[in-house]
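Keep the sequence and the 3D view open while reading.

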Amino acid sequence: MTATTQDHAHHAEEPTGFKRWLVTTNHKDIGSMYLLFSLAMFLVGGAMALVIRAELFQPGLQVVDPYFFNQMTTMHALVMIFGAVMPAFTGLANWMIPLMVGAPDMALPRMNNWSFWLLPFGFAILLSTLFMPGGGPAGGWTMYPPLMLQTGTAFPFVIFAIHVLGISSIMGSINVIATILNMRAPGMTLMKMPLFVWTWLITAYLMIAVMPVLAGAITMLLTDQYFGTSFFSAAGGGDPVLYQHIFWFFGHPEVYILILPAFGIISTIIPAFARKPLFGYSSMVYATASIAFLSFIVWAHHMFTVGMPLAGQLFFMYATMLIAVPTGVKVFNWVATMWRGAMTFETPMLFALAFVFLFTIGGFSGLMLAIAPADFQYHDTYFVVAHFHYVLVTGAVFAILAAAYYWMPKWTGHMYNERLGQWHFWLSTIFVNVLFFPQHFLGLAGMPRRIPDYSVQFADWNMVSSIGGFGFGFAQLIFVWLLYKCIRGGQKAEARAWEGAEGLEWEVPSPAPHHTFDTPPVIR
Amino acid sequence: MTNMIARRRFGHLGLLAGLMLLATPALADFSLINMTRGVTESSQEIYDLHMTIFTITVVIGLGVFGAMFYSIFRHRKSRGVKPAKFHHSTAVEIVWTVLPLVILVGMAVPATRVLIDLDDTSESEMAVKITGYQWFWGYEYMGEDVQFLSRLATDSDVARQLDSGINPASVPNYLQNVDRRLVLPVDTRIKFQITAADVIHSWWMPDLGWKKDAIPGFVNETWTVIEEPGVYRGRCAELCGRDHGFMPIVVEAVERDEYEAWLAEQQAGGEPGTTADGTDAAEAGEELAAR
């Protein structure tokens with residue numbers, strides 16, 4: 001008891017103002033910072049996407065130089081992946097995992113602070129490269145050599161920035177694993193954990209496994225450039241394709257890092273608004289684990305055109321097709337959860353339903369891409385661009401938005417403006433399809449990705465796509481306004497903000513007090 | 001030609017409306033929304049594979065989305081329904097694990113066949129070496145002492161400069177025309193040896209059904225048999241730097257005797273890239289068609 005009293009005395013001394021955020025070790029503060037940082041990066045990356053779509057609005061070059069265009073495609077991807085989607089999931093993990101498992105905080109609070117504060121510095125370095133002589137990186141986010149080695153002054157800065165972001169991700173993952181494995185409330189066995197916690201546990205292992213691989217690949221680029229090694233140069237006995245193998249050994253698990261927590265979010269929200277338990281909880285866990293395992297043995301499906309031996313092409317084709325099975329199980333489970341439920345359609349549910357529908361479309365095009373001979377046509381075209389934006393925007397980003405709407409009452413203590421939320425949802429969903437659906441057509445008709453200008457037969461669908469892009473981009477400002485309003489005030493949220501919401505996070509008041517579960521809750 | 005452009009211009013409004021109707025194909029030219037069948041047996045097989053898998057995914061999609069939307073309309077709280085309590089069914093879960101597996105095997109069989117066929121570069125009748133450069137292509141007819149570079153056509157190159165003020169639609173074959181075409185015979189098994197001089201490129205000719213990466217220091221091999229004479233246009237498909245979007249590929253497939261004549265002329269040092277009478281036959285034909 002004495003200890004608790006001292007604890008409270010200590011808490012009262014916490015600094016205020018800027019210093020509170022700089023030195024905080026509180027998982028809720030750090031979670032909020034992650035989420036706001038991610039929103040800022042989402043807008044920065046989105047602005048870059050709008051530069052791309054403005055240039056592609058019609059044939060001919062009207063807006064930017066081709067080299068700057070390449071910098072935009074490269075930076076858009078890096079900012080969205082490492083700045084928007086990954087930190088958003090880490091922010092959600094920080095806020096929700098301790099609340100969901102009944103822990104007072106993350107297991108390693110000081111490291112938690114450090115892993116967040118690395119991000120603004122990493123991105124300051126990365127974004128500053130745009131202003132360096134020779135411009136920012138323009139070789140695509142995949143950074144394939146030898147092209148990447150043609151980068152100007154920016155080259156070592158880009159690599160250093162990615163190292164910093166990688167260290168941040170690894171520390172975030174260690175924290176998540178340590179928290180989940182050690183700090184669950186008594187009685188919460190692994191198979192009683194909410195699915196968001198499960199998917200994050202698996203994601204964290206994926207990150208620890210592959211972020212060092214990326215670090216290795218880009219360090220080899222660095223030594224090839226400055227220290228006379230020839231890992232990726234045939235002239236010195238190396239092989240440029242080796243880089244691609246190493247990169248995609250990171251890169252494929254990475255795309256599951258970007259989607260597995262989304263699966264967890266959707267598996268939380270659909271039961272809440274269907275007022276019915278999740279269908280097939282254990283098969284969801286096993287499917288997540290299977291996807292994570294398969295993600296390690298499919299990397300070369302990104303490389304079907306590099307000239308692999310036939311046996312390699314066959315292996316990677318079959319392994320990739322297999323991913324459809326556990327992913328299918330998840331989609332079927334979500335639909336079965338809705339089946340004979342009593343659904344209502346508040347904004348989080350709308351985003352979750354759109355996720356199931358649109359992510360599945362992205363899954364279908366993914367299955368098509370897995371078929372190696374057909375991929376000889378699809379590869380490096382807008383068909384691929386359409387595919388991964390369906391899984392990452394209407395997949396990962398929609399899930400993050402669904403999560404933000406779902407837990408916003410818990411974070412702010414206020415209900416958001418439902419009317420604005422509905423506007424945001426409908427405009428986003430309509431425009432995102434105007435934006436990305438025609439890109440399937442463009443790719444199939446023969447338009448390569450990463451080009452600033454195109455022949456005139458592609459003009460119509462590019463114009464449609466650009467209109468969708470601007471519509472989708474501006475629709476996100478509704479969310480920024482809604483969030484601002486919700487933080488400032490609004491209808492008071494109850495502890496259990498949603499009628500059908502289940503889980504420990506709804507047992508604490510809204511907004512969640514600064515410290516929760518100082519004594520572990522009792523798990524029924 | 002001008003007529004076509006006018007129609008395309010006019011099409012903008014129509015296309016927007018069309019998108020709202022889920023892109024009703026009747027409004028659009030199929031070649032603008034789907035993969036080409038191409039002009040080789042392999043490209044036809046790849047097209048068939050693409051359509052088969054597409055159809056399968058559409059059927060599965062109709063089933064899954066049908067169930068989902070049925071549920072969304074029927075099982076809503078506002079209709080006063082009481083939620084059911086069930087949360088798993090081992091039998092159902094086994095069915096929807098095994099059934100997709102069976103469908104996947106069904107897809108893998110034809111895909112494997114096509115892949116094995118494409119991988120076999122033996123028994124070729126001639127070979128062409130393709131080299132990617134920043135930012136043009138080099139072609140070498142192996143053993144024939146004929147080689148040349150192929151660059152973006154000048155009119156496109158002028159029009160594509162930032163703020164050139166030239167309407168791309170007024171340039172014939174904007175960004176898909178070159179100064180010297182790769183002339184190839186039809187009905188001949190041609191082996192391609194593909195490499196690059198600086199960074200990685202990718203030689204993509206949709207009408208042949210494939211692309212293959214051009215990698216500095218390594219040679220990738222593949223093959224084709226073109227079945228129809230004609231002019232086919234493709235592009236570099238792998239990001240290769242500033243002018244990646246400006247290194248098109250043009251293949252002119254001609255009858256064998258015409259090819260032999262062209263080759264002999266090249267060896268004799270004739271005007272490169274043109275036919276016997278000094279004019280470019282295919283381009284002349286296009287001009288005629290436009291009139």
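Helices (H or I, at least four residues) and strands (E, at least two) are DSSP runs, numbered from the N terminus. The model is predicted: local features need pLDDT of at least 70, side-chain atom pairs count only at pLDDT 80 or more, and totals for chains, interfaces and linings use all residues. Residues are numbered from 1 along each chain as its sequence is written, chains are lettered from A and ligands numbered from 1 in the order in which they are written, and side-chain values use heavy atoms, with hydrogens and water left out.

**Backbone geometry**

Most residues other than glycine have a negative phi, and most peptide bonds are trans. Two cis bonds come up here. One joins P145(A) and P146(A), with omega about 0°. P146(A) sits in the loop between α5 (109-128) and α6 of chain A. The other runs from Q134(B) to W135(B), with omega near 0°. W135(B) is placed in the loop between β1 (126-133) and β2 (136-141) of chain B.

Positive phi values follow. R340(A), not a glycine, has a phi of about 60°. This arginine lies in the loop between α12 (324-338) and α13 (347-370) of chain A. E123(B), also a residue other than glycine, has a positive phi near 60°. Its loop runs between α3 (90-119) and β1 of chain B.

How accessible are these two residues? Buried means under 20% relative accessible area, exposed over 50%, and partly exposed in between (1.4 Å probe, protein chains only). R340(A) counts as partly exposed because its relative accessibility is 44%. E123(B) reaches 68%, so it counts as exposed.

**Cavities**

On a 1 Å grid over the protein atoms alone, a cavity is a set of points where a 1.4 Å probe fits but cannot get out; lining residues have an atom within 4 Å of a point. Grid points are joined across faces, edges and corners, and a volume is the space filled by probe spheres set on the points. By this rule there are five cavities of 30 Å³ or more. For the classes, Ala, Val, Leu, Ile, Met, Phe, Trp, Tyr, Cys and Pro count as nonpolar, Asp, Glu, Lys and Arg as charged, and the others, Gly among them, as polar.

| Cavity | Volume | Lining by class |
|---|---|---|
| Largest | about 100 Å³ | nine nonpolar, three polar, two charged residues |

The largest cavity has 14 lining residues; I451(A), D453(A), L175(B), R235(B) and G245(B) lie nearest its centre. The lining of the second largest cavity includes Y34(A), F82(A), M86(A), L165(A) and M207(A). Two elements of chain A, α4 (66-101) and α6 (154-182), each give two or more residues to that lining.

**Chain B and cysteines**

Chain B has six helices and 10 strands. Of its 291 residues, 48% are buried. A contact means heavy atoms within 4.5 Å. Among chain B contacts between residues at least 6 apart in sequence, 64% join residues at least 24 apart.

A disulfide is a pair of cysteine sulfur atoms within 2.5 Å. C236(B) is in none; the nearest cysteine sulfur, that of C240(B), is 3.9 Å away. C236(B) counts as buried because its relative accessibility is 1%. C486(A) also counts as buried, at 1% relative accessibility.

Definitions and conventions
1 Å grid on protein atoms, 1.4 Å probe; cavity = no way out; pocket = protein on both sides within 12 Å on 5 of 7 lines; lining within 4 Å.
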